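The following note sets out points for discussion on the structure shown below. Each point takes up one part of the structure in turn.

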Number of protein chains: 2
Amino acid sequence: MKVAKFGEFGLIERIRGAVSAEPALRLGIGDDCAAVEIPPGELLLTTTDLLIEDVHFRRQWTDWRRLGRKSASVNISDIAAMGGIPRFLYLGLALPAESELADFDAFIAGFLQAAGEYGAVLAGGDTCRSPGPLLISVTAQGSVPADEVVTRGGARPGDLIFVSGTLGDSALALRRLQAGETPHPYLAGRHHDPTARVGLGRALAAACLPSAMIDLSDGLLADLGHLLTASGFGAEVWERALPLSAPFQAIMQNEPDVATLALGGGEDYELLFTAPASKAAEVARVAEGAGVAVTGVGRIGTEPGLIVIDRHGRVQRPQRAGFDHFAD
Amino acid sequence: MKVAKFGEFGLIERIRGAVSAEPALRLGIGDDCAAVEIPPGELLLTTTDLLIEDVHFRRQWTDWRRLGRKSASVNISDIAAMGGIPRFLYLGLALPAESELADFDAFIAGFLQAAGEYGAVLAGGDTCRSPGPLLISVTAQGSVPADEVVTRGGARPGDLIFVSGTLGDSALALRRLQAGETPHPYLAGRHHDPTARVGLGRALAAACLPSAMIDLSDGLLADLGHLLTASGFGAEVWERALPLSAPFQAIMQNEPDVATLALGGGEDYELLFTAPASKAAEVARVAEGAGVAVTGVGRIGTEPGLIVIDRHGRVQRPQRAGFDHFAD
C-alpha cells in the first residue's frame with residue numbers, strides 16, 4: 001500500500017498510536033502545538049537539521065528503519081554536545097507519493113526506537129507530499145541546568161583536546177559506498193546508525209569538565225575549526241594520537257591514504273571537547289563511568305590557526321577545514 | 001551572485017548579522033543548539049511546518065520577501081491558536097545551488113521582519129543545498145501560562161463558534177493564480193502575506209474565554225472538523241453568517257460559486273474558536289480591544305457530525321471536510 005492511499009491524517013494517527021506517554025509532555029501530537037514543561041532552573045536547548053535525499057543520504061544505500069534511527073540520533077547529538085538531556089522531538093516528513101506504507105512504518109519505528117534509547121519522545125511534526133526527494137526535518141529539544149551548559153566558545157590555551165570513540169569510520173564507509181562497494185559491516189553501522197554520546201556529554205557537563213564542546217558532524221578539522229573560531233584561539237592536533245577502530249586500522253594497512261578520513265571525514269557524531277590539562281584524569285574517570293573511550297588528540301594554543309603534527313612528526317597546515325554544503 | 005559562491009557558513013554569518021538581540025536568548029545562532037529561557041510557570045509551545053516549492057507555494061506567484069514573511073507567519077499562527085506568545089524561531093532552508101544571493105537576502109529580511117512584528121527572534125536553523133525544489137522548514141516556540149493554554153478539545157454543546165477576520169480571501173486569490181490570472185491586490189496580500197492573530201489569541205486566552213481554538217489553515221469545515229474530533233461533539237455552521245471581505249463579496253456577485261471557498265478554502269490563518277454563548281459580549285469586547293473583528297458563525301451541538309445551514313436555509317451535510325496533502 002502506498003502512503004498516498006493512507007492520507008495525511010491517517011499517517012499522523014499512525015504515528016500518534018506508536019508514541020509512548022511522557023508526563024512532561026502536556027499535549028503532544030494532534031493540536032496546533034505541542035505543550036511541554038521545562039524543568040525550573042534549566043535552559044531549553046533546541047537544534048534543527050534537514051536531511052535531504054541525495055544530499056545527506058541515498059535510499060539505495062540504507063534502509064528506512066536505519067534512516068529513521070539516524071534522523072533522530074544526529075539531531076540528538078547536538079543536544080549531547082551542549083551537555084543536555086534530550087527530551088522532545090519534532091519530525092517533518094515530506095514523502096514522495098509513491099512511498100510504501102511499510103517503508104513509512106519502518107522509518108517511524110526506527111525513529112521512535114532511537115529516540116527512546118536516548119529518553120526522548122516525539123511531540124509533534126508535519127507530514128506532507130514531496131514533489132521529488134524524500135525530505136526529513138528534525139527538531140530536538142533538550143534541557144540543561146543553566147550553569148552546566150557547554151558552548152563552543154570556552155576553550156583556553158593549554159586546554160587539551162579530547163574526542164570520544166573513534167574517527168573516520170563513517171567517512172570510510174561512505175567512500176566505499178560511493179565507489180559502489182560494500183563497506184565492512186562495522187563501518188557501515190557507524191555510518192548508517194551512529195550513536196549520539198548523550199550519556200558522556202551529560203556526565204562531562206555535570207562534572208563541569210569541558211571548557212568547550214561540539215559534536216563531530218563535519219569532520220575533526222572542520223568542527224575543531226568551528227570551536228576555535230568561537231573560542232578565539234588556535235590549536236595543534238596530533239595525528240598519531242587519533243583513535244581509530246580496528247576495521248579502520250586494518251584497511252589503512254593496505255590503503256594508507258584513508259588516514260586523511262580520520263582528520264577530515266564527517267558524520268562520526270563523536271564528541272570533541274576541551275578541558276584543562278590538570279583535569280585529564282577526571283575526564284578519563286567520567287568517560288569510563290559513561291562507558292565511552294575518550295582520547296586526547298591535541299592542545300589549544302595562543303597562536304591562531306590550526307596545525308596538524310602528522311604521523312612523521314611534520315607540521316602540516318590544513319588548507320581547507322570545513323565541510324560546506326554548497327562547496328563541491 | 002549565487003548562494004553557492006557564498007557558501008554555507010557565509011550564509012549563516014549573513015543571517016546571524018541580521019538578527020537582533022533578545023535577553024531570553026542565552027545562546028543563538030552559531031552553536032550546536034540554541035539555549036533559551038522559558039518563563040517560570042509557563043508551558044513551552046512548539047510547532048513545526050514544512051513549506052515545499054510546488055506543493056505549498058510557487059516561486060513565480062510570489063516574491064522571496066513575501067515568502068519569507070509567510071514562512072514565519074503561518075508557523076506563528078499555530079502559537080496564536082494555543083493562546084501563546086511567540087518567542088523563538090528556527091529556520092531550515094534548502095536552497096537550489098543556482099539561487100541568487102539577493103533572493104536569499106530578501107527571504108531572510110522578510111522572515112525576520114514578520115518575526116519581529118510578532119515579537120519572535122530567530123534562534124537557530126540549518127542551511128544546505130537542495131537537489132531540486134526550494135525547501136523551508138520552520139519551527140516556532142512560544143510560551144503560555146500553564147493555566148491559559150487553549151486546546152482543540154474543550155468545545156461543549158451550546159458553545160458558539162467564532163472566527164476572526166474574513167474567510168475565503170486566500171483561496172480565491174489562489175484560484176485566480178491557478179487560472180493564470182492576477183488576483184485582486186487585497187486578496188493576493190491575504191494569500192501571500194497572511195497575518196497571524198497573535199494579539200487576539202493571547203487576549204482571548206488571558207480572559208479565559210475560548211473553550212477550544214484552532215487556526216484556519218485547511219479551511220473552515222476541515223479545521224472545525226479537527227476541533228470537533230478533538231472535542232467529541234458535532235456542530236452547525238450558518239453560511240449566511242460567514243464574514244466575507246468587500247473584494248470577495250464583489251466577486252461573488254458575478255461568480256456565486258466562489259461562496260464555497262469561504263467554507264472550504266484554506267490558508268486564511270484566522271482563528272476559529274468556541275466560547276459559551278453567555279460570554280459572547282465579552283468575546284466581542286476583547287476582540288475589539290485586539291483590533292480584530294470576530295463573528296459568530298455557528299454552534300456546537302450534541303449531535304455528531306457537521307452540518308451547514310446554507311444561504312437558502314437548507315441543511316447541507318458536507319461530504320469532504322479536510323484538506324489532505326496526499327489527496328488530489
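1. Sheet of chain B. In this predicted model, Met213(B) stands opposite Phe273(B) in E10(B). Strand E8(B) runs antiparallel to strand E10 (residues 271-275) of chain B, the two being joined by four bridges. They belong to an open sheet of seven strands with mixed pairing, ordered E8-E10-E7-E11-E9-E12-E13 (chain B). Strand E8 (212-215) and strand E13 (315-316) of chain B are the edges: each has a single partner strand, so one side of each has no neighbour in the sheet.

2. Extent of the interface. How many residues does each chain bring to the contact between chain B and chain A? Chain B supplies 60 residues and chain A supplies 61 residues. About 5100 Å² is buried between the two chains, and carbon and sulfur atoms give 64% of this area.

3. Polar and charged links across the interface. Between chain B and chain A, 20 residue pairs are in polar contact, counting pairs with both residues at pLDDT 80 or more. Strand E3 (residues 42-52) of chain B gives the largest share of the side of chain B that touches chain A, namely nine residues. That side of chain B comprises 31 nonpolar, 15 polar and 14 charged residues. Four salt bridges are found across the interface; in one of them, the side chains of Arg152(B) and Asp32(A) meet at 3.4 Å, N to O.

4. Strand pairing between chains. Strand E3 (residues 42-52) of chain A pairs with strand E2 (residues 34-36) of chain B in the antiparallel sense, over three bridges. Within this pairing, Ala35(B) in E2(B) is the bridge partner of Leu45(A).

5. Gly92(A). Is this residue, Gly92(A), buried or exposed? Gly92(A) counts as buried, because its relative accessibility is 1%. Gly92(A) sits in strand E4 (residues 85-96) of chain A. Leaving aside residues up to four places away in sequence, Gly92(A) touches Asp126(A), Leu135(A), Ile136(A) and Ser137(A), as well as Leu50(B) of the other chain. Its C-alpha atom is separated by 8.4 Å from that of Thr139(A), 47 residues apart along the chain.

6. Ser245(B). This residue lies in the loop between strand E9 (234-238) and helix H9 (246-254) of chain B. With a relative accessible area of 5%, Ser245(B) is buried. The side chains of Ser245(B) and Asp169(B) are joined by a polar contact of 2.7 Å. Beyond residues up to four places away in sequence, Ser245(B) touches Thr166(B), Asp169(B), Tyr186(B) and Leu187(B).

7. Salt bridges within chain B. The structure holds 48 salt bridges over all chains. In one of them, the closest N and O atoms of Asp268(B) and Arg190(B) are 4.0 Å apart. Asp268(B) lies in the loop between helix H10 (259-264) and E10 of chain B, and Arg190(B) in helix H6 (residues 185-192) of chain B, so the pair ties together parts 78 residues apart in sequence. Asp268(B), at 4% relative accessibility, is buried, and Arg190(B), at 13%, is buried. A further salt bridge links Glu53(B) and Arg59(B), with closest N and O atoms 2.9 Å apart. Here Glu53(B) is buried at 10%, whereas Arg59(B) is partly exposed at 26%.

8. A network in chain A. Which residues are linked in a network of salt bridges? The network consists of Asp169(A), Arg190(A), Arg197(A), Asp268(A) and Glu270(A).

Key. Residues numbered from 1 in each chain as written. Chains lettered and ligands numbered in written order. Predicted model: local features only at pLDDT ≥ 70, side-chain atom pairs only at ≥ 80, totals over all residues. Heavy atoms only, no water. Contact = heavy atoms within 4.5 Å. Buried area = accessible area lost by both parts, 1.4 Å probe. Polar contact = N/O pair within 3.5 Å; in protein donor to acceptor, adjacent residues only side chain to side chain. Nonpolar A, V, L, I, M, F, W, Y, C, P; charged D, E, K, R; others polar. Pairing = 2+ DSSP bridges. Buried < 20%, exposed > 50% of the residue type's maximum accessible area, 1.4 Å probe, protein only.
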